[in-house]
Amino acid sequence: MEDDNDDPLASLKTVPQPPLKTQSYSHHPRDPHPASPSAAKHFQARVHSLDENHLRRNQELPQQLLSAQLHPAIASRENSFFNDGDGFCPPSESSDPYPLPEFVAAGGNTGIFKLPVRSSVHSSRPVCVELRPHPLKETQVGKFLRNMAYADSQLWAGQECGVRYWNVDRAYEQGRGLGGRIRRGDEDAAPFHESMMTTPTTCLFVDSASRLVWSGHKDGKIRSWGMDQGSDDTPLKDSLSWQAHRGPVLSIVMTSYGDIWTGFEGGVIKVWPWDAIEKSLSLSVEEKHMAALLVERSFVDLKSQVTVNGSCSISSSDVRCLLSDNVRAKVWAATSVSFSLWDTRTKELLKVFNIEGQVDNRVDVPGNSEQAVEDEAKVKLLSNSKKEKSQGSFLQRSRNALMGAADAVRRAATRGTGGYTEEIRKTEALLLTADGMIWSGCSNGLLVQWDENGSRLRDFNHHPCAVLCFCTFGTRIYVGYISGLVQVLDLEGNVISGWIAHTSPVINMVVGDGQIYSLATHGGIRGWNITSPGPVDNIMRSELAKRDVTFTRQSHVKILVGTWNVGQGKASQEALSLWLGSVASDVGIIVVGCQEIEMGAGFLAMSAAKESVGLEGSAIGNWWLDTIGKSLGEGNAFERMGSRQLAGLLIGLWVRKELRTHVGDVDIAAVACGFGRAIGNKGGVGVRIRVYDRILCFVNCHLAAHLEAVNRRNSDFDHIYRTMAFSKSYNVLNAAAAGVSASAQMPRSSSNSSNSAEEGRPDLAEADMVVFLGDFNYRLFGISYDEARDFVSQRSFDWLREKDQLRAEMAEGRVFQGMREAVIKFPPTYKFERHQPGLGGYDSGEKKRIPAWCDRVIYRDSRPSTSTECGLDCPVVSSVLMYEACMDVTDSDHKPVRCKFDVQIAHTDRSVRREELGKIIRSNEAISSMMGELRRVPSTTISIDDVVLIDQETCVMKVANTCADDLAVFKFICQSQTTTKGNGQSSGHYPRGNFGFPRCLEVVPAAGVIKAGQSIEISIHHEEHHTVGELVEGTPHGSGNEDTGDKEAILGLIVQGSRSTEKRTHEIRVRHRSTSHTIKINPEQQNPQVSAVPWSEPPQKSGNGTKGAGCVQAENHPSKQMHKGK
């Protein structure tokens, strides 16, 4: 309840007073300034035509006069408002068959009020294949996808309950759920296969050599999954699992020698040798337990190796990222603020440095004790101030309490800013690029380029939001941000392009078969062509637009919106039934907003303090939600899906159970507009939902009071519209499930230039429909109390609307720009005496507050004009079927208002759309021609294809790029290896994990980029590596077949272009003859001396090492021809 200033503002626009009708019994000439007390007494006791005992006399007015100013289509309905008793009764639902006329505010469709762009194909981003369309987050509880990995036409994803994979050959098929069984959240997903239930998958990688997918889990286990499973609907089963740690496996990687490295909490890094893993994989199913024990006991704890006398050389922070530098056989381990660099073969610690690139061997960073002391002092000061007795008035004490709470909120925000400054420096992702450089992404958007030795080279800051993931293809780098943006960079760090890939953070990206797959926190997976953005997108966009009729669907839903300023009271079930229950039988969604459910300085201060630490709600608020739910039949007909309370403001949303499968992604938000924009006595609370894949927002507002505070009310609306953000509450659940660090959960606003017009716009501006409801507090101006009541008695609402502040401000485009309101045909809803029925209950006290339409419902949909029809380019079209006040409800000084919308929604059948996209890609000749160009691989030659090494010799081979117009991106793998024992028997050719090299073989560089027309030298070196821990009485053990006998390895040199989707492979045969079957080593020596035993057929020698007979072109080349060696 608020006090008004009875004097209208002189500055407000005035409207000429209409001639009063002679039938009004209240039209009596009077002196507005009575001179005598008796006159004043007569004025105060004057009987008004709206008083209870005169309602029947008003009913005798001619009906044609009462309905003269009404729209012809609704004149008969308005007459039904009167009844034989006191007050008004609501019309029946049959009286609302047609939409009501509307008033449209000026200033719409410009600036932040510009309608979001919608179309059958997104115009500002490349065309994508939605392998798994955005699922409703309510369907993903316990099943959120966390990460991805790709190999051999299979896209694997780790989730909270196991793993799943898609065969991308079937990516364009219509969704059939899991094994043909439809499951919520996967109705439109391409066909996939899923594993048995496990604990949440925290990390994932693919071992193509063994055709296994390795996953780390929250329970500390590591599991392997066969890639050849899934021929039927049975759940995938793990082939090997073991307990790697007591806590979650935070990161996992396989090195160039086939070993598995895992990162854990507390800076722990463990290495699992491939030899033990390989032996365990060879055991039968019956020996599975033995296999797990064999691997569990084989690990090497690197942290314990660098800990001497309790002092550790590496950080004790969690190892969140591991990266295998296969170019130079190193492993990068990243905590949030430091890096450690390790040798892959010897497992030696090479370097420890911080995010600035400075060598840093500190273990723990001390906490900020000074801040803790300061906070303690502030708490004591606040406690002492509460004990002091205030000497001022109650108003002064209330003001002091509110201002104190606002100051506390500001101080908390200031401290939070300081903490955030430290958080934004954390490392979130690592990447190895084709040129051998290492890139790290930080939670402040910073990109850092490092060389192979951990020297910081360059910094880039192309976007202000946190970097969450990387991937690379050829000479391109793809960066995924928390804002949903994907940027494409070249190897020099220059931005090539960028687009908004998802409406939520991009947490993972992988490359496969000419596609870049991105995963968002909501669980949606999209595939982007590697040429994007480019001509292929233009063709697909045009062709899809022509076929939009095949995948366009339309649905209808009725929405009931109610608002009521309850004046700190409690409503009866009868009142709630009159307000909501009586008109809820045919609606699918109900949104209810209440104001002033609880007020008072103490409550407001407590509410502000709770908000500052992320808490909200109260016992009174819960009572209202439960009571309203009971009146709606919650649990039977309706289900409550979301609510938000800010001090005295409350909003709740209920959805009919039959509609529940199409409604979700419920999000909440709040904006305070009270003292210092920190106290919630005024402000707004909002709820955002997705209905049929369209975004609807509802905002319950309580704006500034008093007749003269028009500008303040306009400012409150503008503040709410601009700052209401649903992102925080949305991302906390999903990001936590996806393993996103707390420091990177909220995107920061920025004035920097962006790659999308959508960036930086308010959340409300991006919704397809926005509904504002509440006590807006706009009053009637230029009119007296008695004149207002006279107009109400005559139902002259057209004249009263001319005195409405809100309508005048909307007409000038100063508030609610571009929004709509049904023409008001009900009496003003403020201010009434409690429990006084009928219109005679208007305030008749000393202040005589002028009646006003304080309680309103205003909205906008997707229409740029009234005549626009519903379609994919205008997906939400609404009309108002009912807009009325419940005058029989007397529990507050405000009357409750309700508004019923008929909402038409156009949406996409995403499964059919994906199928149509597949048809376009397969049948369009222009696309086939463009994609065919990407299969071109640069021509390369090698100087040798047969290498023989003796002892610790080194062979240098040259790889030349003979192509004149493209880079050649290359990498070495070991396709297979074998050992010939002393008895002449061969162990057979077999690959190591992930096509890793034998431990004794070193290839440098093992990957890189060769410019057009240039060549590069590759060093192939053999050397036995044994640490003291691998020796027993001077003899190496535990190294399997690598220790003795002649060895042979088939290396594969894989070559592709800067953007080519095809690869070609050169095969290089590398042989080494053991000089002795047993090597005796002094344990004090790290590198043993080996004596040579000549081969029976010694190889040819040269200054650069052993050379073979010639140089060959890549295998499977269309023009397979031989070239002479150099």
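First, the ground rules. Residues are numbered from 1 along each chain as its sequence is written, and side-chain values use heavy atoms, leaving out hydrogens and water. As this is a predicted model, local features need pLDDT of at least 70 and side-chain atom pairs count only at pLDDT 80 or more, while totals for chains, interfaces and linings use all residues.

Let's start with the cores. A nonpolar core here is a set of buried Ala, Val, Leu, Ile, Met, Phe, Trp, Tyr and Cys residues joined through side-chain atoms within 4.5 Å. Buried means under 20% relative accessible area, with a 1.4 Å probe and protein chains only. The largest core has 57 residues, and the members that touch the most others are Ile 589, Ile 689, Phe 698, Tyr 883 and Phe 901. Strand β43, residues 897–908, gives this core its largest share, 5 residues. Strands are DSSP runs of E, at least two residues, and helices are runs of H or I, at least four, numbered from the N terminus.

There is also a second, separate core of 54 residues, and Ala 190, Val 486, Trp 499 and Val 877 are among them. In soluble globular proteins, nonpolar side chains tend to be buried together.

Now for the rings. How many aromatic pairs does the structure hold? There are 30, counting rings of Phe, Tyr and Trp (its six-membered ring) with centres within 6.5 Å; planes under 30 degrees apart are stacked, over 60 edge-to-face, and the rest tilted. Take Trp 564 and Trp 624: their ring centres are 6.2 Å apart and their planes meet at 85°, so this pair is edge-to-face. Trp 564 belongs to strand β32 (residues 552–565) and Trp 624 to helix α14 (residues 619–632), so the pair ties together parts 60 residues apart in sequence. Trp 564 is buried at 1% relative accessibility, and Trp 624 is buried at 0%. Elsewhere, ring pairs link Phe 113, Phe 717, Tyr 721, Phe 772, Phe 776 and Phe 816 into a cluster.

Last, the backbone. Most residues other than glycine have a negative phi, and most peptide bonds are trans. Where are the cis bonds to look at? One joins Tyr 830 and Lys 831, with omega about 0°, and another runs from Val 1004 to Pro 1005, with omega near -10°. Glu 596 has a positive phi near 55°; this residue sits in the loop between β33 (589–595) and α13 (601–612) and is buried at 3% relative accessibility.

Notes. Buried means under 20% relative accessible area, exposed over 50%, partly exposed in between (1.4 Å probe, protein chains only).
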